[in-house]
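Have the structure open as you read.

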Amino acid sequence: MASASFLKSSPVLDKSEWIKGQTLRQPSVSVVRCQPVAPSSLLVRASSYADELVKTAKTIASPGRGILAMDESNATCGKRLASIGLENTEANRQAYRTLLVSAPGLGQYISGAILFEETLYQSTTEGKKMVDVLVEQNIVPGIKVDKGLVPLAGSNNESWCQGLDGLASRSAAYYQQGARFAKWRTVVSIPNGPSALAVKEAAWGLARYAAISQDNGLVPIVEPEILLDGDHGIDRTFEVAQKVWAEVFFYLAENNVMFEGILLKPSMVTPGAECKDRATPEQVADYTLKLLSRRIPPAVPGIMFLSGGQSEVEATLNLNAMNQSPNPWHVSFSYARALQNTCLKTWGGRPENVKAAQDSLLVRAKANSLAQLGKYTGEGESEEAKKGMFVKGYVY
């Protein structure tokens, strides 16, 4: 279990060092050559943060715990607030995020929280830094570092994720602010192909981001989301996922990314949201674990699944089914809507509802904690928690 000293024990850079970005330091691990010295020798490098990266990844991938994804952009957060009749102001965003991070006992079920940049530098409504509140709860602060999706020229109306420019210096600054892991989300659309170009672009971008993150002390969450959009069956999802993950790990290796110091945030293998043939939790678990066993090295410490528009209960049931037998990795969750939906509606923007909303958050966090341990039963769930949250063409 991490403690409040988790961040303090990490290497700290003074401002004159970290503002320079990629030129912060020299690797502390010597170059290793697999063959006698020759121009074509394979070089294996390790970040000067190697030990810390492994420690952070293992802390997040600890038994019975997962990630609270609360890194919605201000625009997306505005949509959530609008759904309960609130304006998209910094004060309202601050009030909601304060509610989330200060839920009593949240760290029993949550090991990491992904923040938007505004939140990383924000204080609670009581004037305490959000990062400090998380650390006191034994929750590792993380940061969304991508700059969003834009159209991919030359593709079939597909997207690519931007944000590599200036990433090294931004990552160093985020580390200085207290972040210890990062997230970069790119997407693959099955109805639009996916084209070989889109898959390669997604994989290469994720690999470059992962290498830069590790070089600056941040554990990268690798997230190629295969969107639920479409009427395709579960076999088609499985086929595409195999191609995507093969490409991702090829480029991660090409970029000398240390697998022990990353976390994955994949989609579960499910039918498209508009497919008439629905899959049971047991079928989802079977297909998803088969995919993981074929594509993901056991060196990777944690698989933190995204919910992708599934209902709160559906996401929890599917996770539970995957943990009915031992896995080589920590198989857990990194949920946004599937943790926050009922909480947000319970709050409704009213101060007198804060405790009830936090209780709703803790109910969902505990349910997914049990699912990570394979002990979730689904008993006593509300009707609200069973409602699907898929939005066609959803923008995060």
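A residue is called buried when its relative accessible area is under 20%, exposed when it is over 50%, and partly exposed in between, using a 1.4 Å probe and protein chains only. Keep in mind that this is a predicted model, where local features need pLDDT of at least 70 and side-chain atom pairs count only at pLDDT 80 or more, while totals for chains, interfaces and linings use all residues. Residues are numbered from 1 along each chain as its sequence is written, and side-chain values use heavy atoms, with hydrogens and water left out.

**Salt bridges**

- Side chains of opposite charge can pair when their charged atoms come close.
- Here a salt bridge means a side-chain nitrogen of Lys or Arg within 4 Å of a carboxyl oxygen of Asp or Glu, and by that rule the count is 12.
- Asp 71, Lys 183 and Glu 223 are joined up in a network of salt bridges.

**Two pairs tucked away**

- Glu 72 pairs with Arg 80, and their closest N and O atoms sit 2.7 Å apart.
- Glu 72 is buried, at 5% relative accessible area, and Arg 80 is buried too, at 15%.
- Lys 144 teams up with Asp 146 in another salt bridge, with 3.0 Å between the closest N and O atoms.
- Lys 144 is buried at 11% relative accessible area, and Asp 146 is buried at 6%.

**A pair on a helix**

- Lys 355 forms a salt bridge with Asp 359, where the closest N and O atoms are 3.1 Å apart.
- Both belong to helix H14 (residues 354-372), and because they are 4 residues apart there, about one helical turn separates them. Helices are DSSP runs (H or I, at least four residues), numbered from the N terminus.
- How accessible are the two partners? Lys 355 is exposed, with a relative accessible area of 57%, whereas Asp 359 is partly exposed, at 34%.

**Cavities**

- A cavity is a set of points, on a 1 Å grid over the protein atoms alone, where a 1.4 Å probe fits but cannot get out. Searching the whole structure turns up 4 cavities of 30 Å³ or more.
- The largest cavity holds about 70 Å³ of space, a volume being the space filled by probe spheres set on the points, which are joined across faces, edges and corners.
- Residues lining the largest cavity include Glu 225, Ile 226, Met 268 and Gln 310; lining residues have an atom within 4 Å of a point.

Conventions
Helices (H or I, at least four residues) and strands (E, at least two) are DSSP runs, numbered from the N terminus. On a 1 Å grid over the protein atoms alone, a cavity is a set of points where a 1.4 Å probe fits but cannot get out, and a pocket is an open set with protein on both sides within 12 Å along at least five of seven lines; lining residues have an atom within 4 Å of a point.
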